[in-house]
Amino acid sequence: MVDDIKDSTADGVRTLRIAAMGDLHVSEDAQASYRDLFSEISREADVLVLTGDLTNLGKPREAELLAEDLRNCSIPVVGVLGNHDYESGAVEDVTNILRQAEVRLLDGQAIEIEQVGFVGVKGFVGGFGARMLGSFGEPAIKAMVAESVNEAMQLENAMRQVRAKRTLVILHYAPIADTVAGEPLEIFPFLGSSRLAETIDRFKVSAVVHGHAHRGSYEGQTPGGAKVYNVAMHVDKPSGRPYALLEI
């Protein structure tokens, strides 16, 4: 089943079929292989989008194992990193390994494939709506808020680079509370930030995908009406598979 993104293609531009998933958490023990899944996705979609936490502990060997599995993927791969990919302090090595495997990792950049713009940032924590964390008090709190603001600014700068009429925003952290519903309320502030949604709603966006919230909900929308999909592997999707299928 393909989830329908209602974005006009009346000008005759071909609809792009996108498979999106996150939170693969590839570990050194290599108990799970994604080779067959990547082969399946290559038959079902035109582009694979990965929404972070590609490795379990951010170790180069984990990235190498994922890169080996990605040899079975014959379509373009675009993605962002997640918090787990930073855990071991080897994010540069992880990034280089995956880029050498032809993964187009985005961190405040935009690229275009088949007349669709792909914009990606990791995002950060901070909470949602009126309960979003403010820059007040201890320096540590201000530093946390500054990081959240910086990620939103990177997203805005990347969005301004897009010239395509159709745009997919790729995040790791959630931009809205709806798609983290199902997680414990106590950890909502650590699952994403409304600052991302505020930025998204300044632009025309076809869809937004993110991961991180394993027990979250599949679908929601920003206050401005942009469709948002939690594509973490653990979240049930209409496709019935670990990945979502979107048409843009």
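These questions and answers look at one helix of a predicted model and the strands around it.

Biologist: Which residues of helix H1 are buried?

Modeller: H1 spans residues 35-44. An α-helix has 3.6 residues a turn, so residues three or four places apart point the same way. In H1 the buried residues are Leu37, Phe38, Glu40, Ile41 and Ser42.

Biologist: Is Ser42 buried or exposed?

Modeller: Ser42 lies in helix H1. Its relative accessible area is 14%. Buried means under 20%, so Ser42 is buried.

Biologist: Which backbone oxygen does the side chain of Ser42 reach?

Modeller: The distance is 2.9 Å. The cut-off for a polar contact is 3.5 Å, so this pair counts. The oxygen belongs to Phe38.

Biologist: Which residues is Ser42 in contact with, leaving aside its neighbours within four places in sequence?

Modeller: Contact requires heavy atoms within 4.5 Å. With those neighbours set aside, Ser42 touches Asn72, Cys73, Ser74 and Ile75.

Biologist: Why is S2 largely enclosed by the rest of the structure?

Modeller: S2 has five residues. It is largely enclosed because the buried ones number four.

Biologist: In S12, what is the bridge partner of Ala19?

Modeller: S2 pairs with S12 (residues 244-247) in the antiparallel sense. Four bridges make up that pairing. The partner of Ala19 is Leu245.

Biologist: Which residue in S3 stands opposite Met21?

Modeller: S2 and S3 run parallel, joined by four bridges. Opposite Met21 stands Leu50.

Definitions and conventions. Residues are numbered from 1 along each chain as its sequence is written. This is a predicted model: local features need pLDDT of at least 70, side-chain atom pairs count only at pLDDT 80 or more; totals for chains, interfaces and linings use all residues. Side-chain values use heavy atoms; hydrogens and water are left out. Buried means under 20% relative accessible area, exposed over 50%, partly exposed in between (1.4 Å probe, protein chains only). Helices (H or I, at least four residues) and strands (E, at least two) are DSSP runs, numbered from the N terminus. Two strands pair if DSSP finds at least two bridges between them. A polar contact is a pair of N or O atoms within 3.5 Å; within protein, one must be able to donate a hydrogen and the other to accept it, and residues adjacent in sequence count only if both atoms are side-chain atoms.
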